[in-house]
Amino acid sequence: MALNEFLLGALVMGDLVLALFFLHYWRVTRDRFFVFFAWSFVLSCVSRLVLAGHLTNSESEPLVYLIRLLSYAVIVIAIFDKNRVTIAKLLFQRTSA
């Protein structure tokens, strides 16, 4: 049990470091892509804290699963947001006849 808590703590620390890493690049570039990734890692950190805080016993609990799902959804939104101009060009590209 102590090893699991130690590993969860290490993962929380890694998530926070990555969130700060992406916030640093957002400050430098002002690109929203990095903010989305920072939020994703913050949400991942929250899900691991819920596990570490013994609010749930398993990763398959709905609360942990939903937070993690939201974290991954933020990554997907970031990718679509980054490529929205390209996607719009591909979808609405008119061929000249």
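## A phenylalanine in helix α2

Phe34 is buried, at a relative accessible area of 18% (buried is under 20%, exposed over 50%, partly exposed in between, using a 1.4 Å probe and protein chains only). You'll find Phe34 in helix α2 (helices are DSSP runs of H or I, at least four residues, numbered from the N terminus). From Phe34 to Lys82 is 48 residues in sequence and 10.0 Å in space, C-alpha to C-alpha.

A quick word on the model: it is predicted, so local features need pLDDT of at least 70 and side-chain atom pairs count only at pLDDT 80 or more, while totals for chains, interfaces and linings use all residues. Residues are numbered from 1 along each chain as its sequence is written, and side-chain values use heavy atoms, with hydrogens and water left out.

## How α2 and α3 pack

Helix α2 (residues 32-52) packs with helix α3 (residues 62-82) at about 170°, their axes 9 Å apart (axes are lines fitted to C-alpha atoms over the stretch in contact, and angles run from 0 to 180 degrees between N-to-C directions). That makes the two helices, α2 and α3, roughly antiparallel, a label for angles over 145 degrees.

Sorted by class, the contact of α2 with α3 has 17 nonpolar, four polar and five charged residues. Here Ala, Val, Leu, Ile, Met, Phe, Trp, Tyr, Cys and Pro count as nonpolar, Asp, Glu, Lys and Arg as charged, and the others, Gly among them, as polar.

## Salt bridges

The count comes to four salt bridges, taking a side-chain nitrogen of Lys or Arg within 4 Å of a carboxyl oxygen of Asp or Glu. One of them joins Arg48 and Asp15 at 2.8 Å, N to O. Arg48 sits in helix α2 and Asp15 in helix α1, so this pair ties together parts 33 residues apart in sequence. Both Arg48 and Asp15 are buried.

Asp31 and Lys82 also meet in a salt bridge, at 2.5 Å, N to O. Asp31 is in the loop between α1 and α2 and Lys82 in helix α3, 51 residues apart. Asp31 is partly exposed at 22%, and Lys82 is partly exposed at 45%.

Then there's Arg84 with Asp81, whose closest N and O atoms are 2.7 Å apart. Arg84 is partly exposed at 45%, whereas Asp81 is buried at 17%. Arg32, Asp81 and Arg84 are linked in a salt-bridge network.

How values were computed: Angles under 35 degrees count as roughly parallel, over 145 as roughly antiparallel, 65 to 115 as roughly perpendicular and the rest as oblique.
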